[in-house]
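This briefing goes through one protein chain by topic.

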Amino acid sequence: MYFAALLARTEDGWEASDTELDNVETLADLADLARESASDDGETVIVFIEQEDAWFGIVRVDGEDDPRVFVSNAAAAARSSYGEILTSELLGDDDQDDQLDELTDLDGTEDGEPEHDDEDDDTVTGAGVAPAGPLGETRILADLGLPEKQLLAITDDALGEVADAIGASDILETVR
């Protein structure tokens, strides 16, 4: 099960909304979704994605700039469809595996298959192995109040800790 939220920085503070990722197939789709949620061009939007405490990802979109990405556990994320979108971008695998997309559900499993296969613990993408740990821009939210060291230390309630650090905790209840 996935949870996704958008945090948009406005002149009046942060606005939060939960979001559906049904139409998201690429990082560009995710960035477009973030830009659409901004009330003004150039606003900072944070996309937060979490899969059942296995991993979380942060995508930061500042106006028309390229999105910046951080994933807490790349190996776990690479085994799920939304996480694979983030890890493949970070590892340089720009080609989406269309055959895999056709065979797997959004939870990253084939129809009727268990969610995790213990025999396949090494996650490999076209460009390399996804590490069993953080991947991406660790300073993604440093200028908003979440330094690298604190980001890397998050283990529980990732959305809560991120929202507290960037000053968005007052609006957090609107998306939970």
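**Layout of the chain**

Read from the N terminus, the elements of the protein chain follow the order β-β-α-β-β-β-α-α-α-β-α-α. The model is predicted. In total the protein chain holds six helices and six strands.

**Burial and contacts**

- The protein chain has 176 residues, and 44% of them are buried.
- The protein chain exposes about 9500 Å², of which carbon and sulfur atoms supply 41%.
- Of the contacts in the protein chain between residues at least 6 apart in sequence, 57% join residues at least 24 apart.

**Salt bridges**

- Side chains of opposite charge can pair when their charged atoms come close.
- The count of salt bridges comes to six.
- Arg-60, Asp-62, Arg-68, Glu-137 and Asp-143 are linked in a network of salt bridges.
- Asp-62 counts as buried because its relative accessibility is 16%, under the 20% limit.
- Asp-62 also forms a salt bridge with Arg-68, where the closest N and O atoms are 3.9 Å apart; a salt bridge requires the nitrogen to lie within 4 Å of the oxygen.
- Arg-68 is partly exposed, because its relative accessibility is 23%.
- Arg-68 meets Glu-137 in a further salt bridge, at 2.8 Å from N to O.
- Arg-68 belongs to strand β5 (residues 68–71) and Glu-137 to the loop between β6 (135–136) and α5 (148–153), so this pair ties together parts that are 69 residues apart in sequence.
- Glu-137 has a relative accessibility of 33% and therefore counts as partly exposed.

**Negative patch on the surface**

- Glu-11, Asp-12, Glu-15, Asp-40 and Asp-41 gather on the surface in a patch of negative charge.
- Patch residues must have over 30% relative accessible area and no salt bridge.
- Glu-15, one of the patch residues, is found in strand β2 (residues 13–18).
- Glu-15 counts as partly exposed because its relative accessibility is 43%.

**Helix α6**

- Helix α6 (residues 158–166) is mostly covered, with seven of its nine residues buried.
- The buried residues of α6 are Ala-158, Leu-159, Gly-160, Val-162, Ala-163, Ala-165 and Ile-166.
- Gly-167 follows α6 and has a positive phi, near 80 degrees.

- Ser-37 is found in helix α1 (residues 27–37).
- With a relative accessible area of 27%, Ser-37 is partly exposed.
- Leaving aside residues up to four places away in sequence, Ser-37 touches Leu-6, Ala-8 and Val-45.
- Ser-37 and Thr-19 are 18 residues apart along the chain, and their C-alpha atoms are separated by 9.8 Å.

Notes: Residues are numbered from 1 along each chain as its sequence is written. This is a predicted model: local features need pLDDT of at least 70, side-chain atom pairs count only at pLDDT 80 or more; totals for chains, interfaces and linings use all residues. Side-chain values use heavy atoms; hydrogens and water are left out. Patches are made of residues with over 30% relative accessible area and no salt bridge: like charges are joined within 9 Å, nonpolar side chains (Val, Leu, Ile, Met, Phe, Trp, Tyr) within 5 Å. Accessible areas come from the Shrake-Rupley method with a 1.4 Å probe; for residues, only the protein chains shown count as cover. A salt bridge is a side-chain nitrogen of Lys or Arg within 4 Å of a carboxyl oxygen of Asp or Glu. Lys and Arg count as positive and Asp and Glu as negative; His and the chain ends are not counted. The place of a charge is taken as NZ of Lys, CZ of Arg, CG of Asp or CD of Glu. Helices (H or I, at least four residues) and strands (E, at least two) are DSSP runs, numbered from the N terminus. Buried means under 20% relative accessible area, exposed over 50%, partly exposed in between (1.4 Å probe, protein chains only). Contact means heavy atoms within 4.5 Å.
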